[in-house]
Amino acid sequence: MSTHHALLSAEIEEDSPENRASATEAFAAATALQPRLVEVFAESRDAAGCGFAMAQLGARLRSGTMLWVQDRVALRDHGRPYPHWCRARPKAEGPGILHIVARDAGQALWAMEEGLRCAELSAVIGEVAGNPRALDFTATRRLAVAAERFGVPALLLRLGSQADLSGARMRWRARSRPSLVPRWNVAAPGMPIWSLELFRARGARPGQWDAAYDRAADRLDLVSPLRDPALGEGERRRG
Amino acid sequence: MPVLAVWPSDKPGDSAALERLCHWSERWCPFVAIDGGDGLLLDITGAAHLFGGEARLAVEMRVRFRRMGLTARIAIAPTVGAAWALARYASTSPFGLSLSKSCPSGASTPKERARLRQAQSQRSEASTPNTICPPEALAATLGPLPVSALRLDDDTVLLLGRLGLKTIAALAEIPALGLARRFARADGPWADPPLRLAQAFGRTEEPVNPAIRAPVPRVVRRVVEPVLHVPILEPLVVEMAEALCRQLAERHAGARHLGFQAFRVDGDVQALEARTSQAMRDPRHMVRLFAERFETLDAGFGFDAFALTALWHEPLDPAQTGLIEAEHDATSLARLIDRLSVRLGAGNVCVPLFLESHLPERALQWRPALAHEAGGEAPAPLTPERPIRLFDRPEPIGVTYATPEGEPRRFQWRRKLHRIVKVEGPERIAPEWWRERSTTRLRDYYRVEDEDGARFWIYRNGLIDDGRGGAPDWYLHGLFA
C-alpha cells in the first residue's frame, strides 16, 4: 500500500502544467472540510500541525463555535491555542471556542466524543501528545463514526506521535518549511509554508504537497516544491 | 451613682432579627412585609376571623410578642398609611377611638391592614394600646395626628409646619389641586404629601410586598431496603428528576444548580452537585449530570433516602421544542458545557475573554464557560501578528546574540539548538506599571524562524542596564504557524 502511495506522489511532483492542475484539485479535495475524522501528525515544537488544522477549518473558524480539547501533556508541550478569530466577536454568535483541558488522553477522547454529539459545534479539535494507550484503533474509530453520524468535522492533532493503527479517514503529516520571503522586510519570517503529506486517505488520493498559508484570507495555496525560496514566488501570488 | 450604660448598636443583627420575626409572623396571615427598620406590615384581609375578629387578633399578637420579650404597638386600619400612622402616633386613648360618622364614602377600602411595631421605646405596656380603626372612622382617627404620621421626611414636615399645616386634618382641608401643584416636583413618596394623603385615606392602591420564602423545589424519596450499590438506583433517580421538573414547570422555572443527596443509614449524608450553564428542566439531562458520578458515593451501610434539590433556579418559560423532533442523541451547546464542566471540573472548560492590554497573557484570559460570557471589551488593538500557540508559562531559553541589545542568533530550547535564519523585531512591550511591581522588566519580542522553517515568538526580559536585575533572560512565549 505504501509503495503505491509513494508512486502516486512521485507522479504528482513531476512539474508539468497538467500535473500541477491535478495536484491542485487533489489537494483541494483532500483539505476540504467534511464531517469526518482527520488526523494530523506534527512535532510538538513545530506549530505546523496546529496551523494546518486551523487552515482546514478556513472560514468556519469565524462562523461557529468549536471545541478544542487538549490533554495535559499537549498543553505543557505545545501551549494553548490563541483564538485570534474570537477577538471583537459579537456576543450573540457564541464564544467562538470552547477550550477543554483534559487530565489524560482518555478523558480528552471522551470530551471529543461528547462534542461530536453536539451539532451546534462547527468543529471539534483534539490534541493528544505521544502514543497513549487510550488512543487506539477503537477510540479513533469511535470518533470517526461519531463525526460522520452527527455531521461535525473532527481533527485530531497528534504531537510527537508514531502513526499507529487508526480509524481516521485522512491522515496527514505536517512540517514547517522555510517561509516565503516577505516583500518589505526580507530578513523577517514571511507567510508560512508547510510540507504536507497525506499518507492515508479514504476517498482521496494520497500525496505530498507544499502549501503556503495566508492567515488573513484563510487560504492555503500550493507552492512548487522546486521553487527557489529566495525568489519570493508567493508574494507575486498574493499581489 | 448615675452610670452611663453603653450598648453597641448592631444594625445588621437587628435587621436579621426583624426578618426572622417577619417570617415568624406568617403564622397569622400569608402576606407579611418588613417595613423600614422597626416595623412589620401584615395584610390580614380575610385572616382576622380565624382568630375571632380583629380585636382578638390584636390581643393575641400582643400576648405572643410579650412572651418573646417584645413590646409591640399594634394598629389595625383599612389602609397601609393609616395603620402606619396609628401604630406610631396614636395617642394613649383606649380601645376603639371615639368614632365619628363623617367618614367620606370613598375612603373605605375593603382591605384591612395591620401594622405592628416592635417598640424599642421605654413606653410601658399600658401606654401602648391596640388601635383599631374601622373604615368609617378613618378621617376622624387620622385627623388629629401630626403630619409626620403621613410617612413624610423631616424637610417636608418642616415645610408643612411653616405653612401652618400641623395636623392631617388641616392638610386634608387644603384643596387637592393646590396641594398637588405645590408638590408637583416631589422627590419620591417621602416628600409627596398629596400622595401620602391619598394612600392614608385609601384613594390610591398601595400593595404589600410580602417577604414570602418560596419553598425550594425538592424531591425526596425513601427506599424500604438500604441500598448499597447506587448505580442500580437510576430508575428511581429518573423518577425523582421527572418529579422535580414537574415542580419547576409549575413555577415556570429551570434549574441552574442541582444538588443530589443520599442519606445513609448511619446518619451520614453524601452529596453531589452540578451546575448548568442555562436554566433547564429536562429530566434526562439531570440524570446524565449525575449518573456518572454515582460511583463516587460512599454507600457505607447503605442509603435509605435520597433528595434531589434545585438549589438555584431561574425563570424558564415553556418552549416549543420544534415542529420536527430533533435527533434523539444530539445535544445543545449549553448542555455540552454542563456535561463537560461536571465531569472535568468547571475550571477546565473555558471560553476566551479578551481584555484591552498589550501584554499577551493579560490580553487573552480563559474564564470558566459556566460562569462567564465570552467576548470581552477589546476592540482589536493595533498589534502585530500574534502566534497561534501561547505557552501558559514562557519557557526559559538560552540565547546567543551578537550584541546584548542586538538580534538573537541561536537559541537552545528543550535541549535542542535552533539556529535563527530570519528574525523580525523587537516589538517592545513595556510593563503595565499601574498594575505590576516596580521591578517588572520590559520585554522585547522577536519573531524568529529557524533553519527548518519553524517559527517562534521569543523575548528578552529587560535591558542590560535598566537597573532592575542582572543580565536579561530570554524566554520562548509562543509558536507561529
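**Exercise 1. Work out what share of the chain A contacts between residues at least 6 apart in sequence join residues at least 24 apart.**

Step 1: settle what a contact is, namely two residues whose C-beta atoms, placed from the backbone, lie within 7 Å.
Step 2: take the contacts in chain A between residues at least 6 apart; 73% of them join residues at least 24 apart.
Step 3: keep in mind that this is a predicted model, where local features need pLDDT of at least 70, side-chain atom pairs count only at pLDDT 80 or more, and totals for chains, interfaces and linings use all residues. Residues are numbered from 1 along each chain as its sequence is written, while chains are lettered from A and ligands numbered from 1 in the order in which they are written.

**Exercise 2. Decide whether A:Ala139 is buried or exposed, and find what it touches.**

Step 1: A:Ala139 sits in helix α7 (residues 137-150) of chain A; helices here are DSSP runs of H or I with at least four residues, strands are runs of E with at least two, and both are numbered from the N terminus.
Step 2: apply the cut-offs: buried means 20 or more other C-beta atoms within 10 Å of the residue's own, exposed means 12 or fewer, and partly exposed is in between, with C-beta atoms placed from the backbone. A:Ala139 counts as buried because it has 23 C-beta neighbours inside 10 Å.
Step 3: list its partners. Leaving out residues up to four places away in sequence, A:Ala139 touches A:Leu109 and A:Ala134.

**Exercise 3. Describe the side of chain A that touches chain B.**

Step 1: count the residues: 50 from chain A and 46 from chain B.
Step 2: find the elements. α3 (48-57), β3 (80-81), β4 (97-102), α6 (105-116) and β7 (170-177) of chain A each supply at least two residues. The largest share, six residues, comes from β4(A).
Step 3: look for strand pairing, which takes at least two DSSP bridges. β3(A) pairs with strand β13 (residues 389-401) of chain B, antiparallel, over two bridges. In β13(B), B:Arg389 is the bridge partner of A:Pro81.

**Exercise 4. Find which residues of helix α10 in chain B are buried, and what covers them.**

Step 1: in α10 (residues 283-291) of chain B, B:His285, B:Met286, B:Leu289 and B:Phe290 are buried.
Step 2: these residues lie on the same side of α10(B), because they cover an arc of only 130° around the axis (the arc is that of the directions from the helix axis to the C-beta atoms).
Step 3: their cover includes α9, β7, β8 and α11 (333-344) of chain B.
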